Amino acid sequence: MKIYADHAATTPCDKRVLEEMLPYFSDEFGNANSQHAFGRDAAKAVNDARETVADIIGCKPNEVYFTGGGTEADNWALKGVALHKRDRGNHVIISAIEHHAILTSAEWLEQNGFRVTKLPVDSTGMVRVEELERAIDDETTIVSVMYANNEVGTIQPIKELAEIAHKHGALFHTDAVQAIPYMNIDVKELGVDLLTISGHKFYGPKGVGVLYIRNGVKLDKLICGGGQERSQRGGTVNVPAVVGLARALELSRVDLEKNNAYIASLRDRFEQRVEKEIPYIRQNGNKLHRVPSIANYSFEFVEGEGILMLLDFNGIAVSSGSACSSGSLDPSHVLLAMGVPIEVSHGSIRFSFGKHNTMEEVDYIADKLKETIEKLREMSPLFDLKKGGTYNV
Ligand code: PLP
């Protein structure tokens, strides 16, 4: 048995998406910037893809820039605006729970003379609007707060936050990588100036993303090269990937509500079982404002890596922290920012369900999880102490 419950890390590419992409590898292989018929065919495919994305997120096609993924789009947005507006001010605001693409871009800016403020979050992972009011000043050029968090799924009050940024003359960027698979987004209604999307979180290809840049917003280039993407992002456009991203986004809008309800029912069943059957747990996230796919729990007295390995041994794929930081044993910066004690944060696991999971799979995961936690606690000196044991630490 092999069960995938790590959809916040990535999703399988939909076969219909793959089919749409295939011709652009070998039959219609033209470079979208070439001046001949091969190039024109490729350029048409890219332009169609741009129009599809623009239609779905409510902007003009010339506000859609294709990138090599969400990480690049995040880097470009934050560094690009900060560098471009350096003469106006050197202050950048992000939230404490951003993805590493924003977090490390902010660190890079800090190393290069910028001032960075990280907005704190409450115990459910929510940024408080008043905190932005408090932090923003005349030198703030950009505020970047993610739409939905990749570890706990909490959805942020983006519209209100963007309004505050604008009131103080700053631009607003949101990393919508984890939100767009589940939410209809209209960038104009949301009031954001820049927005990041990544193809592989909604059953599209990896290595392709979008940065929406509102017309009129100026930012420095991140990737210098040829005249691609209206001279703002150098590099031959990855035509198959761009076509795939657009098709996947289009498909993700079909039955969005139905799929969300189904995924939420899987998560709810899982949460009911965990909460009923496993003691000493802490649920991480916000019960009201969250994407339907993610359940994040800390299991006291055990290590996340141990849980992960035993579940993997049983064919179950989940994640401890975010996929990008797994491999490191550092505690999750998201959970720490939410006030989860460091020793508790070490025993945290993210389960993220998708539209292909079944109730039987959810039950299997819950069964194996219960067994795993019991087994690990039997070996845990801390749990022994908790039970009144005499283990000498
Ligand atoms: N932002 C968030 C919130 C993410 O979850 C991810 C992927 O894990 C990224 C950015 C990075 O996107 P990509 O994998 O396309 O570089």
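Student: How do β6 and β7 pair, parallel or antiparallel?

Tutor: Start with the general idea. Strands of a sheet pair through backbone hydrogen bonds, either parallel or antiparallel. This is a predicted model. In it, β6 (residues 171–175) and β7 (residues 194–198) pair in the parallel sense, over three bridges.

Student: Which strand is joined to β6 by three bridges besides that, and in what sense?

Tutor: β5 is joined to β6 by three bridges, and the two run parallel. Here Val-143 stands opposite Phe-172 in β6. Between these strands the chain passes through helix α7 (residues 158–167). The β-α-β crossover is right-handed.

Student: Where do the side chains of β6 go, and are they buried or exposed?

Tutor: In a regular strand the side chains alternate between the two faces of the sheet. In β6, Leu-171, His-173 and Asp-175 lie on one side, with Phe-172 and Thr-174 on the other. All of these are buried, so both faces are covered, taking under 20% relative accessible area as the cut-off. That makes five of five residues buried in this strand.

Student: What is the strand order of the sheet that holds β6?

Tutor: The order is β2-β8-β7-β6-β5-β3-β4. These seven strands form an open sheet with mixed pairing. At the edges stand β2 (64–67) and β4 (115–119). Each has a single partner strand, so one side of each is left without a neighbour in the sheet. Direction ignored, neighbouring strands are turned by 20 degrees against each other on average.

Student: Which helices lie across its strands?

Tutor: Take two. Helix α3 (residues 37–57) lies across β2, β7 and β8 (209–213), at about 120 degrees to β2. Helix α5 (residues 100–111) lies across β3 (91–95), β4, β5 (140–144) and β6. Helix α5 runs at about 155 degrees to β3.

Student: Now the ligand. Which residues come nearest?

Tutor: There are 13 residues around the ligand. Thr-71, Asp-175, Gln-178, Ser-198 and Lys-201 come nearest. Asp-175 is also one of the buried residues of β6.

Student: What polar atoms lie by its oxygen atoms?

Tutor: Gly-70 places a polar backbone atom 2.8 Å from an oxygen atom of the ligand. The side chain of His-200 has an N or O atom 2.9 Å from a ligand oxygen. For His-99, a polar side-chain atom is 3.4 Å from an oxygen atom of the ligand.

Technical notes. Residues are numbered from 1 along each chain as its sequence is written. This is a predicted model: local features need pLDDT of at least 70, side-chain atom pairs count only at pLDDT 80 or more; totals for chains, interfaces and linings use all residues. Side-chain values use heavy atoms; hydrogens and water are left out. Two strands pair if DSSP finds at least two bridges between them. Helices (H or I, at least four residues) and strands (E, at least two) are DSSP runs, numbered from the N terminus. Axes are lines fitted to C-alpha atoms, for helices over the stretch in contact, and angles run from 0 to 180 degrees between N-to-C directions. Contact means heavy atoms within 4.5 Å. Buried means under 20% relative accessible area, exposed over 50%, partly exposed in between (1.4 Å probe, protein chains only). A crossover is right-handed if, with the strands pointing away from the viewer, the path from the first strand over the helix to the second runs clockwise. A residue is near a molecule or strand if one of its heavy atoms lies within 4 Å of it. A polar contact is a pair of N or O atoms within 3.5 Å; within protein, one must be able to donate a hydrogen and the other to accept it, and residues adjacent in sequence count only if both atoms are side-chain atoms.
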